[in-house]
Amino acid sequence: MATLLQPEKVLYLVRGEKKIRVPLSQLYFCRYCSELRSLECVSHEVDSHFCPSCLENMPSAEAKLKKNRCANCFDCPCCMHTLSTRATNIPAPLPDDPTKTTMKKAYYLACGFCRWTSRDVGMADKSVASGGWQEPENPHTQRINKLIEYYQQLAQREKLERDRKKMARRRPFMPQAFSQHTIHVVEKYGLGTRLQRQRSGAPISALYGLSLKEGEDQKEITIEPAQALDEVEPLPEDYYTRPVNLPEVTTLRQRLLQPDFQPAGASQLHPRHKHLLMKRSLRCRKCEHNLSKPEFNPTSIRFKIQLVAVSYIPEVRIMSIPNLRHMKESQVLLTLTNPVENITHVSLYTCEEEDPDDINSTAKVLVPSKELVLAGKDAAAEYDELAEPQGFQDDPDVVAFRKSNKIGFFIKVIPQQEEGDVTVAFKLRHDFRNLAAPIRPTEEGETTAEAIWLTHHVELSLGPLAT
Amino acid sequence: MADPSAKQTGQKSVKIAAGAVVCVESDIRGDVTIGARTVVHPKARIIAEAGPIVIGEGNLIEEQALIINSFPENLLPNTDDVEPKPMIIGVNNVFEVGCVCQALKIGDNNVIESKADVGRSVMLTCVCVCVCVCVCAADVGRSVMLTSGCIVGSCCQIHTCEVIPENTVIYGSECLRRVQTERPQPQTLQLDFLMKILPNYHHLKKTVKSSGTPARS
């Protein structure tokens, strides 16, 4: 059954700052710390920005300038699909001879999904295929820019004051310029240094990088405070009686995608430039090694560094579940796959009583007591028809089948609760050969790296009891 | 495959006007009239069970499209009280691949996109565009009428009892609607191309004059 293969059925516990239970396919493995890492215990760094439709790379500085939007591509304001440019031939008078008309190409934007066109909002057809489309200007831009400048200056001034205070506490012969080069001051409206950033959950300020460059002259900027109005524009008289023209009313999503204008009518929905996506790289917080680094090219989906957990840790998957009955022992068939190329020894242990990790299990489980041996992954084996038998002595009560680097084995499950889903947990202990660590100069003949034993807490969700 | 058991009497026959291109592999049963310049792809099914179907000119009926004039589900086929209602389809409509249409009245310039499901009680007026709709379940509540210029999008199901106003676009998984300002263009280029190319690869059903004796190849 395909539902048993769903990744959420088998969860591995990650012991990071928080204890997280995640399928193995979503985890990373730091082979320097020899620990599992989830997305929450790594630091995310932006590698590059790119547009998802034209796949154009954009350096970060340019992306910031363009507010993280692509210059060429547009989104449909109605259904958020990517707009495509279509051409029509319209008769237009020749510039030389006004009486004759010639066919000229006119371009308009159209959505293939909801059939929205730029003509719907009254945007005239352009004569150039790209670059002719302008976003409407926000009427409040000037005020917003002035406010931003004012607050930038305020932040800079506060930073200097703080530095001066710190300076006063220091010994007097410290050089004056030290404060400008200190790396420990957090900019108020900026992102802190990497030391501050590593705290998980630290919010990233929206006004990133707004601090003034050093050396700029500090011109005093004043702003007028916002004026509170007593009188509000009255509603039109037929506001309550006029029938609503439903196709004209914009949905909340359409409206909020354009926070500048938030138009209430569909005839004012203008297309916006497409948002850029980013490629990110992940870094282990403890040892600062990169866990995942994608390639720079937006068209490439490969990674330069890809330390994902599925290529280091044996993966448990559920193969078949019999009818589970309350307090009756049933055999569940699981598979264990070895991702590495050398032989792996796996032992399973039940969780002890009062194990702090074991909070979700609702059934008792009896795991095989013998050590399971998994053959290495051999990429050429699938093409080899006359595969030699692997010569492993398997106990037929424990091991159901063996196929290259995968075995199927039985566990016995005794559901303890009468209702609800059956969840079991056990510990998986396997040996891991760390090929990343420098091999100590050993005596001649020893080429294998040292094996260390790793233990993981695995939880399986076996579904509801049979009725 | 063509139904070999269709009766040759004047009532239940397929009348294909001159200029229409109807492939032999299409399944046309019952009393169906097909207008000129209409292209019916192979594996399209036009089934007139509970009444005749009249298809206008310039229509494009693609593969696995199902146009069916069926009995309402709560009546048995053998009931004599049921008066056969004709299903009238206008001109320049496009029935894309895999759509199901049971609406009794379809106007002009409509587009029913792939896997759309238009119920019996829907009336598409002019220029509707039915975005592709996924039809998996049985049809329920087929009292729609498509006027003209409507577009019923992919995998949208229209089973309401209503007249879809002109130039409506129904799209998305929740069948959102909006009105477009212009009608979809008639697929003249496509029709011309198909009328030239299809006879090179498929046998065609013989066309008859509308008053002549029915004959099928």
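Predicted model: local features only at pLDDT ≥ 70, side-chain atom pairs only at ≥ 80, totals over all residues.
Which residue forms a salt bridge with A:Glu459?

**Entry: a salt bridge in chain A**

I looked up A:Glu459 and found its partner to be A:Arg21, with the closest N and O atoms 2.7 Å apart. I then checked where the two sit: A:Glu459 is in strand β22 (residues 451–464) of chain A, and A:Arg21 is in strand β2 of chain A. The pair links distant parts of the chain, 438 residues apart. A reminder to myself: side chains of opposite charge can pair when their charged atoms come close.

Strand β16 (residues 344–350) of chain A runs antiparallel to strand β21 (residues 421–433) of chain A, and five bridges join them. To find the spot in the model, I used A:Tyr349, which stands opposite A:Lys427 in β21(A).

**Entry: the five-stranded sheet**

I found another open sheet in chain A, this one with five strands in the order β6-β5-β11-β12-β13, and its pairing is antiparallel. Its edge strands are β6 (57–58) and β13 (303–306) of chain A, each pairing on one side only. Two bridges join β6(A) to strand β5 (residues 42–50) of chain A. My landmark there is A:Phe50, which faces A:Asn57 in β6(A).

**Entry: domains of chain A**

I noted the division of chain A into domain 1 (69–136 + 267–275) and domain 2 (313–437 + 451–464). Taken over C-alpha atoms, the centres of these two domains are 59 Å apart.

**Entry: where chain A meets chain B**

How many residues does each chain bring to the contact? I got 11 from chain A and 13 from chain B. The area buried between the two chains is about 1,000 Å², and carbon and sulfur atoms give 50% of that. On chain A's side, A:Phe113, A:Arg115 and A:Asp120 supply 51% of the area it buries against chain B, more than any other three residues.

A:Arg115 turned up again when I looked for charged pairs: its side chain meets that of B:Glu113 in a salt bridge (2.2 Å, N to O). The count between chain A and chain B is one salt bridge. I also found one residue pair in polar contact across this interface, with both residues at pLDDT 80 or more.

Technical notes:
Residues numbered from 1 in each chain as written. Chains lettered and ligands numbered in written order. Heavy atoms only, no water. Domains from an automatic or database assignment. Pairing = 2+ DSSP bridges. Helix = DSSP H or I, 4+ residues; strand = E, 2+ residues; numbered from the N terminus. Contact = heavy atoms within 4.5 Å. Buried area = accessible area lost by both parts, 1.4 Å probe. Salt bridge = Lys/Arg side-chain N within 4 Å of Asp/Glu carboxyl O. Polar contact = N/O pair within 3.5 Å; in protein donor to acceptor, adjacent residues only side chain to side chain.
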